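Subject: A structure for you to explore

Hi there,

Here is the structure I promised to pass on to you. Please open it next to this email, and then read on for what turned up in it.

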Amino acid sequence: MLIIKSILKINPSAKVVVRGSDIDTCDIEWLENTIPISKEDIKAQMPTVEAEIEQENQDAIDKKA
């Protein structure tokens, strides 16, 4: 999920299948002529996406309170 969200953060129209949850060992299949994104670029985006997910979770908690 994190890998796909990171890819879509870089390219919102990417068509991709990711097999595995570790960026270093996963298999990424680029579909429909999507230009591949390097694993290094995806890795660089992951902390930003993790922070956004954490913020969304906190916002949901705060909304319930």
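How many salt bridges does the structure hold? There are four, where a salt bridge is a side-chain nitrogen of Lys or Arg within 4 Å of a carboxyl oxygen of Asp or Glu.

Before the details, a word on the source. This is a predicted model, in which local features need pLDDT of at least 70 and side-chain atom pairs count only at pLDDT 80 or more, while totals for chains, interfaces and linings use all residues. Residues are numbered from 1 along each chain as its sequence is written, and side-chain values use heavy atoms, with hydrogens and water left out.

The overall layout

The protein has two helices and two strands; these are DSSP runs numbered from the N terminus, with helices being H or I of at least four residues and strands being E of at least two. Along the sequence, they come in the pattern α-β-β-α.

The radius of gyration is 13 Å, whereas a compact globule of 65 residues would have one near 11 Å. That radius is taken over C-alpha atoms, and the globule rule is 2.2 Å times the number of residues to the power 0.38. A box of roughly 45 × 25 × 20 Å along the principal axes is filled by the C-alpha atoms.

Of the 65 residues, 23% count as buried. Buried means under 20% relative accessible area, exposed means over 50%, and partly exposed lies in between (1.4 Å probe, protein chains only). The protein exposes about 4700 Å², and carbon and sulfur atoms supply 51% of that area. Accessible areas come from the Shrake-Rupley method with a 1.4 Å probe, and for residues only the protein chains shown count as cover.

The two strands

Strands β1 and β2 run antiparallel and are joined by four bridges; two strands pair if DSSP finds at least two bridges between them. One place to look is V18, whose bridge partner in β2 is I28. Strand β1 has two faces: V16 and V18 lie on the covered one, and V17 and R19 on the uncovered one.

The salt bridges

Now have a look at R19. Its side chain meets that of D27 in a salt bridge, at 3.2 Å from N to O. R19 also forms a salt bridge with E29, with the closest N and O atoms 2.8 Å apart. This second pair links distant parts of the chain, since R19 is in strand β1 (residues 16-19) and E29 is in strand β2 (residues 27-30), 10 residues apart. Together, R19, D27 and E29 are linked in a network of salt bridges.

Are these residues buried or partly exposed? R19 counts as partly exposed because its relative accessible area is 43%. D27 is partly exposed too, at 41%, and so is E29, at 33%.

Elsewhere, D24 forms a salt bridge with K43, where the closest N and O atoms are 2.6 Å apart. Here D24 sits in the loop between β1 and β2 and K43 in helix α2 (residues 39-64), so the pair links parts of the chain 19 residues apart. K43 is partly exposed, with 38% relative accessibility.

The core

In soluble globular proteins, nonpolar side chains tend to be buried together. Here, the largest nonpolar core has 11 residues, including I3, I7, V16, V18, I28 and M46. Such a core is a set of buried Ala, Val, Leu, Ile, Met, Phe, Trp, Tyr and Cys residues joined through side-chain atoms within 4.5 Å.

You will find M46 in helix α2, and it counts as buried because its relative accessibility is 12%. Leaving out residues up to four places away in sequence, M46 touches L2, I3, S6 and I23, where contact means heavy atoms within 4.5 Å.

Q45 is also in helix α2, and Q45 is buried, with a relative accessible area of 19%. Beyond residues up to four places away in sequence, Q45 touches S6, K9 and I10.

Last, A14 belongs to the core as well. Apart from neighbours within four places in sequence, A14 is in contact with I7, L8 and T34.

Enjoy exploring!

Best wishes
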